[in-house]
Amino acid sequence: MKNITLERHLNAVRQFDICGEFVKCTPYGNGHINNTFLVRCEDKNGKTVRYILQAINTVVFKEPENVISNIERVTEFLKLKSGDPRRVLSLVPAKRGGHIYKDADGYFWRMYDFIEDAVCLERPESESDFYQSAVAFGRFQRDLSDFPAEELYETIPDFHNTPKRYRDFLAAADADICGRAAGVLKEIEFIKERADFYSVLYDANKDGILPLRVTHNDTKLNNVMLDGASRTALCVIDLDTIMPGFSVTDFGDSIRFGANTAAEDEPDLGKVSMDLALFDVYAKGYLDGCGGKMRHEEIMLMPEGAKMMTLECGMRFLTDYLQGDTYFKTKYPEHNLVRCRTQLKLATDMERHWDEMKRIVANYAK
Ligand code: ADP
Ligand code: GN1
Ligand code: MG
């Protein structure tokens with residue numbers, strides 16, 4: 001995947017209904033999954049038109065056609081609710097029909113209109129940025145609340161099934177195919193000590209407290225765009241994992257990534273902690289965006305969502321490390337282990353601030 005040649009890009013670009021002549025294609029963004037490129041074209045008046053070209057990661061998404069089908073359905077639905085083209089991701093039609101192109105080597109490609117005059121952040125630059133990102137994901141939840149969830153494909157089965165993630169993690173530690181388990185016994189123990197927690201959300205669902213909804217499932221700050229001038233909520237992107245799920249895990253994954261005082265892969269754990277002010281701001285923004293769609297009991301489980309996503313992501317990074325780094329893109333050999341350690345440190349800090357987190361959401365649940 002890493003050495004996709006220029007010819008291959010060019011060939012892919014030619015399969016889509018783009019405006020003007022191809023000028024340049026360069027790697028883009030910090031996603032861990034797909035190969036993303038910025039495509040620059042020039043229309044007949046010399047104006048630059050930009051697109052996002054992506055080679056879908058077929059190791060992760062085994063049925064790319066299903067991914068595109070979900071995105072087509074959801075974006076068409078969202079477009080009916082908003083007249084502004086910058087508010088909804090827009091797939092570029094493929095010349096042979098549909099919105100996906102499979103090349104001779106088996107790569108699946110898609111293109112999106114580039115959302116111009118917008119910012120996509122790795123870290124919130126202010127509380128207001130984080131609030132606005134929460135509003136965007138909350139609105140996304142609200143706007144899809146009447147979407148027929150049963151019509152969506154499960155693009156990654158059991159994606160946020162934390163009990164299953166835990167079992168997979170235990171199996172990876174047991175199999176230890178790379179001989180790395182002995183070096184991470186402390187981390188393995190940390191995850192095992194919390195075994196009772198992993199089923200909390202599934203149990204709440206069984207008990208009728210936590211409803212299944214249409215969720216994004218990958219609500220990192222760099223999967224949302226803010227308007228560049230007003231810095232207000234604009235558009236939710238990276239729609240590959242839209243599936244039925246829990247609202248509190250969408251909330252929780254944003255906290256895991258954006259309310260951490262350090263980057264997801266910060267090697268200095270002294271810098272990693274939970275920013276309670278950001279937790280509060282995000283809870284408010286998410287609920288404001290949701291516009292009353294979340295139930296009282298659901299709101300009360302938001303801290304559990306945050307801790308669940310943090311521990312789940314920690315065990316996913318460690319599982320990948322134990323299995324030889326085949327899932328997440330890594331920049332150096334211990335990258336997944338470093339990422340795992342930040343997640344475990346963050347979860348520890350959440351436990352320390354548990355009562356405060358509960359108090360914050362109780363205040364909004366009133
Ligand atoms: P991944 O699944 O690998 O995370 P994304 O779909 O999130 O891939 O894309 C990676 C990055 O590319 C995003 O974080 C964002 O910066 C940028 N990006 C994606 N789609 C668009 C778009 N339509 N307009 C502008 N930037 C985009
Ligand atoms: C991946 O694709 P990206 O970078 O937005 C992953 C998420 C993880 C995240 C950790 C499909 O997200 O589940 O939480 O990395 N996406 C998939 O940073 O596995
Ligand atoms: Mg992304």
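These legends accompany several close-up views of a predicted model.

In this predicted model, local features need pLDDT of at least 70 and side-chain atom pairs count only at pLDDT 80 or more, while totals for chains, interfaces and linings use all residues. Residues are numbered from 1 along each chain as its sequence is written, chains are lettered from A and ligands numbered from 1 in the order in which they are written, and side-chain values use heavy atoms, with hydrogens and water left out.

View 1. Let us start with the overall division: domain 1 spans 6–116 and domain 2 spans 127–365, with bounds from an automatic or database domain assignment. Their centres, taken over C-alpha atoms, are 27 Å apart. Domain 1 gives 26 residues to the contact and domain 2 gives 32, where contact means heavy atoms within 4.5 Å.

**View 2. The largest nonpolar core.** This core has 103 residues, and those touching the most other members are Ile255, Met274, Phe279, Tyr286, Met302 and Leu318. A nonpolar core here is a set of buried Ala, Val, Leu, Ile, Met, Phe, Trp, Tyr and Cys residues joined through side-chain atoms within 4.5 Å. Buried means under 20% relative accessible area, exposed over 50%, and partly exposed in between (1.4 Å probe, protein chains only). Helix H10 (residues 302–322) supplies the largest share of the core, 11 residues; helices (H or I, at least four residues) and strands (E, at least two) are DSSP runs, numbered from the N terminus. Domain 1 (6–116) and domain 2 (127–365) each contribute at least three residues to this core. Zoom in on Leu318 and, leaving aside neighbours within four places in sequence, you will find its contacts to include Phe169, Val184, Glu187 and Ile188. A second, separate core holds 18 residues, among them Phe16, Tyr51, Leu53 and Trp109.

**View 3. The largest pocket.** About 850 Å³ of space lies in this pocket, the volume being the space filled by probe spheres set on grid points joined across faces, edges and corners. A pocket is found on a 1 Å grid over the protein atoms alone, as an open set of points where a 1.4 Å probe fits, with protein on both sides within 12 Å along at least five of seven lines; lining residues have an atom within 4 Å of a point. Of the 44 lining residues, Gly31, Asn222, Asn223, Ile237 and Asp238 lie nearest the centre of the pocket. Strand E3 (48–55), strand E5 (108–113), helix H7 (247–258) and H10 each give two or more residues to the lining, and H10 has the largest share, five residues. The lining divides into 20 nonpolar, 12 polar and 12 charged residues. Both domain 1 (6–116) and domain 2 (127–365) provide at least three lining residues.

**View 4. Two aspartates with positive phi.** Asp117 has a phi of about 55° although it is not a glycine. Its place is in the loop between E5 and strand E6 (118–119), and its 60% relative accessibility makes Asp117 exposed. Asp325 also has a positive phi, near 55°, and is found in the loop between H10 and helix H11 (335–352). Asp325 counts as buried, at 18% relative accessibility.

**View 5. Around Ile100.** Ile100 sits in the loop between helix H2 (64–81) and strand E4 (101–102) and is partly exposed, with a relative accessible area of 21%. Beyond its neighbours within four places in sequence, the contacts of Ile100 include Ile56, Pro64, Phe108 and Trp109. Met111, 11 residues away in sequence, is 8.0 Å from Ile100, C-alpha to C-alpha.

Definitions and conventions:
Nonpolar A, V, L, I, M, F, W, Y, C, P; charged D, E, K, R; others polar.
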